Amino acid sequence: MAEKNQQVYPLAPANGYTRSDAESLESADELKRKKRIKLAIYIGIFIVFQIMVITAMSLTVMKVKTPKVRLGNINVQDLNSVPATPSFDTKFTTQIRVKNTNFGPYKYDASIVTFLYQGATVGQVSIPKSKAGMLSTKKINVEVSLSSSALSSTNLGSEMSNGVLTLNSAAKLTGKVELMFIMKKKKSSTMDCTMAFDLSSKTLKSLQCK
């Protein structure tokens, strides 16, 4: 009777672990594997994002554009003309504008703006050494005096008889654009403007800059 009432227990695994312990280990390994996959995905996304940022910066911020130098509004103070001679002299105020569209300052050397009639010089003004800040325009106020006294034979008389005086201005700025305080790139800017004066009203008729 004693043998019939004796309870039989299952033997434990030889390695000391139960089935639930093995399943727990498998779950832990699976969890670690998933974490590694997520980490790899995040690293991949971060690398792609960095590549996109660097590409965008190289196409915008780090791309060096040539600054522009132009004449601003011209206010005529005096304009005398004699078609019969022919001769003229004029005084006016204007602005020399250095437009910098870069993400860094443009430092340029001193230069000269030359005013011409059919390629012959009729006057000059100086541009002092300075800089145009990041994404800004440097404005230099100047007073200009021009005279035809240095001209030789030209078509000045025939043009003035039509009541118009056409002049050109030319200049070249040389300097460097600085980016991120580490990169400097040389850039030269040129001015090519054409202005027409109405001799009867003694005013500016038109101003075009390329």
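Which side chain has a polar atom 2.8 Å from the backbone oxygen of Asp78? The side chain is that of Thr90. The analysis rests on a predicted model, in which local features need pLDDT of at least 70, side-chain atom pairs count only at pLDDT 80 or more, and totals for chains, interfaces and linings use all residues. Residues are numbered from 1 along each chain as its sequence is written, and side-chain values use heavy atoms, with hydrogens and water left out.

The protein chain has three helices and 11 strands. Both are DSSP runs numbered from the N terminus: helices are H or I of at least four residues, strands E of at least two. Along the sequence the order is α-α-β-β-β-β-β-β-β-β-α-β-β-β. Of the 210 residues, 28% are buried. Buried means under 20% relative accessible area, exposed over 50%, and partly exposed in between (1.4 Å probe, protein chains only). Contacts are heavy atoms within 4.5 Å. Among contacts between residues at least 6 apart in sequence, 67% join residues at least 24 apart. The accessible surface of the chain is about 14,100 Å². Carbon and sulfur atoms hold 56% of that surface. Accessible areas come from the Shrake-Rupley method with a 1.4 Å probe; for residues, only the protein chains shown count as cover.

Thr90 belongs to strand β3 (residues 87-100). Thr90 is buried, at a relative accessible area of 3%. Neighbours within four places in sequence aside, Thr90 contacts Val76, Asp78, Leu79, Val144, Ser145 and Leu146.

Rings of Phe, Tyr and Trp (its six-membered ring) pair if their centres lie within 6.5 Å; planes under 30 degrees apart are stacked, over 60 edge-to-face, and the rest tilted. Three aromatic pairs are found by this rule. For Phe92 and Phe115, the centres are 5.9 Å apart and the planes stand at 80 degrees, so this pair is edge-to-face. Phe92 and Phe115 are both buried. The rings of Tyr106 and Tyr108 have centres 5.8 Å apart and planes at 35 degrees, so they are tilted. Tyr106 is buried at 0% relative accessibility, and Tyr108 is buried at 1%. Phe92, Phe115 and Phe197 make up one aromatic cluster.

Strands β9 (residues 164-179) and β10 run antiparallel and are joined by 16 bridges. Two strands pair if DSSP finds at least two bridges between them. Leu173 has Ser189 in β10 as its bridge partner. The hairpin of β9 and β10 has three residues between the strands, and Met180 there takes a positive phi near 60 degrees. β10 also pairs with β11, antiparallel, over six bridges. Ala196 is partnered by Ser206 in β11. Four residues separate β10 and β11 in their hairpin. In that turn, Lys202 has a positive phi of about 55 degrees.

One disulfide is found in the whole structure. The criterion is a pair of cysteine sulfur atoms within 2.5 Å. Cys193 is joined to Cys209, S to S 2.0 Å. Cys193 lies in β10 (residues 183-198) and Cys209 in β11 (residues 203-209), 16 residues apart. The link is right-handed, with 110 degrees about the S-S bond. Cys193 is buried at 0% relative accessibility, whereas Cys209 is partly exposed at 29%.

Definitions and conventions
A polar contact is a pair of N or O atoms within 3.5 Å; within protein, one must be able to donate a hydrogen and the other to accept it, and residues adjacent in sequence count only if both atoms are side-chain atoms.
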